[in-house]
Amino acid sequence: MIPHRLQLDYNLAPGWLQPWVEALEAGSALARTCAACGKVSFVPLRTCTCGCAEGTWTPLPGTATLERRTEGADGSFALVTFDGADTSTVVRLESFPEEMNRGTIAAAKDGLPALVLRPLTQENTP
Ligand SMILES: [Zn+2]
């Protein structure tokens, strides 16, 4: 093996996810509601599980319930269901006590669009 450092710089275009990415950067949850069956997906599905590709953007309150949690070398993560959504997604947990199972979305500190959840307290209840 010969160690070699490789660095890549590239830009990712959000495409149809532009509204969702902008909401994430602002620390907000924006879901996709299917025009045919009304299923609310967060993370948004381009094509719903019913096969419909039409939908509208739906703001969610940003609060979520933890379903499963894991701790790793890269931090804490959880499978969560956001209030108002019919789907679950994986988020990074930030300063999240083990005994808590409710959280609220937060903007990622590094400026990248990412799903971050902080503990839901009385101060940050929407
Ligand atoms: Zn549908």
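Predicted model: local features only at pLDDT ≥ 70, side-chain atom pairs only at ≥ 80, totals over all residues.
Rings of Phe, Tyr and Trp, the last taken by its six-membered ring, pair if their centres lie within 6.5 Å.

**Aromatic rings**

Select Trp-20, Phe-42 and Phe-82, which ring pairs link into a cluster. The whole structure holds three aromatic pairs. For one of them, select Trp-16 and Trp-57: the rings are stacked, 5.9 Å centre to centre, with 20 degrees between the planes. Trp-16 lies in the segment before α1 and Trp-57 in strand β3 (residues 55-60), so this pair ties together parts that are 41 residues apart in sequence. With a relative accessibility of 30%, Trp-16 counts as partly exposed, and Trp-57, at 27%, is partly exposed as well.

Next, return to Phe-42 and Phe-82, whose rings pair edge-to-face at 4.6 Å centre to centre and 65 degrees between the planes. Phe-42 sits in the loop between β2 (40-41) and β3, and Phe-82 in strand β5, so that the pair links distant parts of the chain, 40 residues apart. Both Phe-42 and Phe-82 are buried.

Centre the view on Leu-60: among the residues it touches are Ala-29, Ala-31, Val-40, Phe-42 and Phe-82.

**Thr-87**

Now move to Thr-87, in the loop between β5 (75-82) and β6 (89-93). Is Thr-87 buried or exposed? Its relative accessibility is 16%, under the 20% limit, so Thr-87 counts as buried. Its side chain reaches the backbone nitrogen of Phe-42 at 3.0 Å. Beyond its neighbours within four places in sequence, Thr-87 is in contact with residues including Lys-39, Val-43, Val-80 and Phe-82.

**The zinc site**

Finally, select the zinc ion. Which residues coordinate the zinc ion? The SG atoms of Cys-34, Cys-37, Cys-48 and Cys-50 do so, at 2.3 Å. Along the sequence, these donor residues follow the spacing C-x2-C-x10-C-x1-C. The four donor atoms subtend angles of 104 to 117 degrees, which makes the arrangement around the zinc ion tetrahedral. For comparison, the ideal angle for four tetrahedral donors is 109.5 degrees. Colour the site by accessibility: Cys-48 is buried, with a relative accessible area of 9%, whereas Cys-50 is partly exposed, at 42%.

Technical notes:
Residues numbered from 1 in each chain as written. Heavy atoms only, no water. Helix = DSSP H or I, 4+ residues; strand = E, 2+ residues; numbered from the N terminus. Buried < 20%, exposed > 50% of the residue type's maximum accessible area, 1.4 Å probe, protein only. Polar contact = N/O pair within 3.5 Å; in protein donor to acceptor, adjacent residues only side chain to side chain. Contact = heavy atoms within 4.5 Å. Donors = N, O, S within 2.8 Å, 3.2 Å for Na, K, Ca; no water. Tetrahedral: all angles 85-135°; square planar, octahedral: opposite > 155°, others 65-115°. Phe/Tyr/Trp six-rings, centres within 6.5 Å; stacked < 30°, edge-to-face > 60°.
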